[in-house]
Amino acid sequence: MVYIYTATIHEEDGAFYAAVPDIPGCVTTGCSLSDVIDQITDALAACLCTMEDADDQIPPASAQHDISRTPDDVCTLVRIDTIAYRALTDTKAVRKTVSLPAWMENRADKLGINCSKVLQDALRQQFG
């Protein structure tokens, strides 16, 4: 799924603090503006993946003008694609038993086709 949320960022004593007000607990820090944007992007992706996995209701994004903030806060949009994030971070292989007709297995073996790779490629295509 693709989501777009607003993050608020403020600087205090040389440190940068970021939060996504629409997602409770989605907060982080960074040593520069660029770093904190990277950190809040990662934090939001992790929060949203966790919520998806738990079948939690994901709140809609608020309009920026509806988000409470101080005059010194910076607002930035953060775009998250949870499928892409999972592909980058959740690379642990799991064993999945599939059934193939014997002739397909024999033919794939003779041609040196990796059935696991074919299945992964087909699933990625199905995910869009």
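The largest pocket has a volume of about 1,100 Å³. Among its 23 lining residues, K92, V94, Q120, L123 and R124 sit closest to the centre. A pocket here is an open set of points on a 1 Å grid over the protein atoms alone, where a 1.4 Å probe fits, with protein on both sides within 12 Å along at least five of seven lines; lining residues have an atom within 4 Å of a point. The volume is the space filled by probe spheres set on the points, which are joined across faces, edges and corners.

**Ground rules**
- Residues are numbered from 1 along each chain as its sequence is written, and side-chain values use heavy atoms, without hydrogens or water.
- The model is predicted: local features need pLDDT of at least 70 and side-chain atom pairs pLDDT 80 or more, while totals for chains, interfaces and linings use all residues.

- α2 (82-89), α3 (102-111) and α4 (115-127) each give two or more residues to the lining; helices are DSSP runs of H or I, at least four residues, and strands are runs of E, at least two.
- The largest share, seven residues, comes from α4.

- Not counting residues up to four places away in sequence, L44 touches Y5, V20, I23, C26, V78 and I80 (heavy atoms within 4.5 Å).
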